[in-house]
Amino acid sequence: MEQTRVQGRSLRYFDYNLLFLIIFLLGFGLVMLYSVSAYEAQSEFGSATYYLSHQVRNIIIGLIIMVVMTLIPYKVWGRLAVCRTVYAAAFLLCVLVVIRGTAANGSTRWLSIGGIQFQPSEAAKIAVIIYLAALLSRMPKQIKEFRTVLKVLIRVAPLIVVIALSNLSTAIIVAGICVLMMFVASPKYSHFIILLILVAVVVVLFTMLSSYRGDRVQAWLHPEEYPDQAYQTLQGLYAIGSGGLFGKGLGGSIQKLGYVPEAQNDFIFSIICEELGLFGGICVILLFVLMIWRFMVISNNASDLLGGLLVVGVMSHIALQVILNLAVVTNSIPNTGVILPFFSYGGSSMIFLLAEMGLVLSVSRGIHVEEADLPVE
């Protein structure tokens, strides 16, 4: 029987694997958030579902934005006028935080506009990703020169400095995103040793300029000598240690009963380890590893450099935030206000995180796959 070949045709691609991971992490995060926060919510607000209901609202808003971002062709964000506007808006909002920001838990990181309170530093992350991706995609050859790297860094430095005035941990993440995006775009890696040294020097200077940050460093180095400053860290370590291999079971945590302050935020991973054990903690880490792998697949197959760099920026953000959060919880670095994506309670962080997911899914929609030639009888 004679066979002929049908010529392959270009098919649009969509990464359903990443979409499934996002939905699974959101669901898993809600379960753990309710388990961790129910006691404190009942004690503080008279409703065990206070944090859960607010987080569901945040997720619904974020999912709507994610769908919109997915449907918008990502190349729209590459237009110079658009990316500059996004960057300028984020910079202005961060400046307003310094001038008239709202304080909470000893930090001024929030801005209230029209009765709505949010963190502009979260918006700054996606703004920097869009701005740098558009900028670097226009200079693929020039970026190999160190002076070009410095020019790019000078453009984003004002935003990083403004963020650092009120939120050093977020400034470190934004700086890390910038360095990693330039590292991927540049064929010369030696430049980034100097950049890492510069970033380290800036971090040290900002730490020395603030007394409470210096106290955090001392509490990190000698937690037993600073029981007040290191209280949250010590209680978090107790939670991780008491969980053992398979944990005390969902809802069985003792440390969440008022021992770990703000357990639903920065230290939610410690309660996950207490309830689900080391096994549960490793599963959470593996979920993020799978997500980063999907980011790499999408970035490598993006139809242009702009799309690839957008995904690299989001991947850098997720990777840095997860690593820093786990390092804080395990007392590998000084305590900072870095939350665990998809799990920790937060409005601005969740909404802008899902906006970034929409950006990545939009890049995946731009991938064209050549259909294999099919034999026809």
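At what angle do helix α1 and α12 pack, and how far apart are their axes? That was my opening look-up today, and I kept in mind that this is a predicted model.

**Entry 1: α1 against α12**

I found an angle of about 165 degrees between helix α1 (residues 16-45) and α12, with the axes 11 Å apart. Angles over 145 degrees count as roughly antiparallel, so α1 is roughly antiparallel to α12. I then listed who touches whom: L18, L19, I22 and L26 come from α1, while M350, L354, M357, V360 and L361 come from α12. Sorting the residues of this contact gave me nine nonpolar, no polar and no charged. I also noted the handedness, and the crossing of α1 past α12 is left-handed.

**Entry 2: α10 against α12**

Next I turned to helix α10 (residues 268-301), which packs with helix α12 (residues 347-365) at an angle of about 40 degrees. Their axes are 10 Å apart. I wrote this pair down as oblique, therefore, going by the angle. The crossing of α10 and α12 is left-handed. On the α10 side I noted M291, F295 and I298, and on the α12 side M357, V360, V363 and S364. This contact divides into six nonpolar residues, one polar and no charged.

I went back over my two lists for α12. M357 and V360 are in the contact with α1, and M357 and V360 are also in the contact with α10.

**Entry 3: a glycine in α9**

Is G243 buried or exposed? I looked it up, and G243 is buried, with a relative accessible area of 6%. G243 lies in helix α9, which covers residues 231-243. Leaving out residues up to four places away in sequence, I found that G243 touches K248, C273, E274 and G277. I also checked I272, which is 29 residues from G243 along the chain; their C-alpha atoms are separated by 8.6 Å.

**Entry 4: the whole chain**

To finish, I stepped back to the overall picture. I counted up the secondary structure of the protein chain as twelve helices and seven strands. Of its 377 residues, 47% count as buried. For the accessible surface I have about 17,800 Å², with 66% of that belonging to carbon and sulfur atoms. How much of the contacts with a separation of 6 or more comes from residues 24 or more positions apart? I have 75% down for that in the protein chain.

Definitions and conventions. Residues are numbered from 1 along each chain as its sequence is written. This is a predicted model: local features need pLDDT of at least 70, side-chain atom pairs count only at pLDDT 80 or more; totals for chains, interfaces and linings use all residues. Side-chain values use heavy atoms; hydrogens and water are left out. Axes are lines fitted to C-alpha atoms, for helices over the stretch in contact, and angles run from 0 to 180 degrees between N-to-C directions. Helices (H or I, at least four residues) and strands (E, at least two) are DSSP runs, numbered from the N terminus. Angles under 35 degrees count as roughly parallel, over 145 as roughly antiparallel, 65 to 115 as roughly perpendicular and the rest as oblique. A crossing is left-handed if the near helix is turned anticlockwise from the far one by less than a right angle, and right-handed if clockwise. Contact means heavy atoms within 4.5 Å. Ala, Val, Leu, Ile, Met, Phe, Trp, Tyr, Cys and Pro count as nonpolar, Asp, Glu, Lys and Arg as charged, and the others, Gly among them, as polar. Buried means under 20% relative accessible area, exposed over 50%, partly exposed in between (1.4 Å probe, protein chains only). Accessible areas come from the Shrake-Rupley method with a 1.4 Å probe; for residues, only the protein chains shown count as cover.
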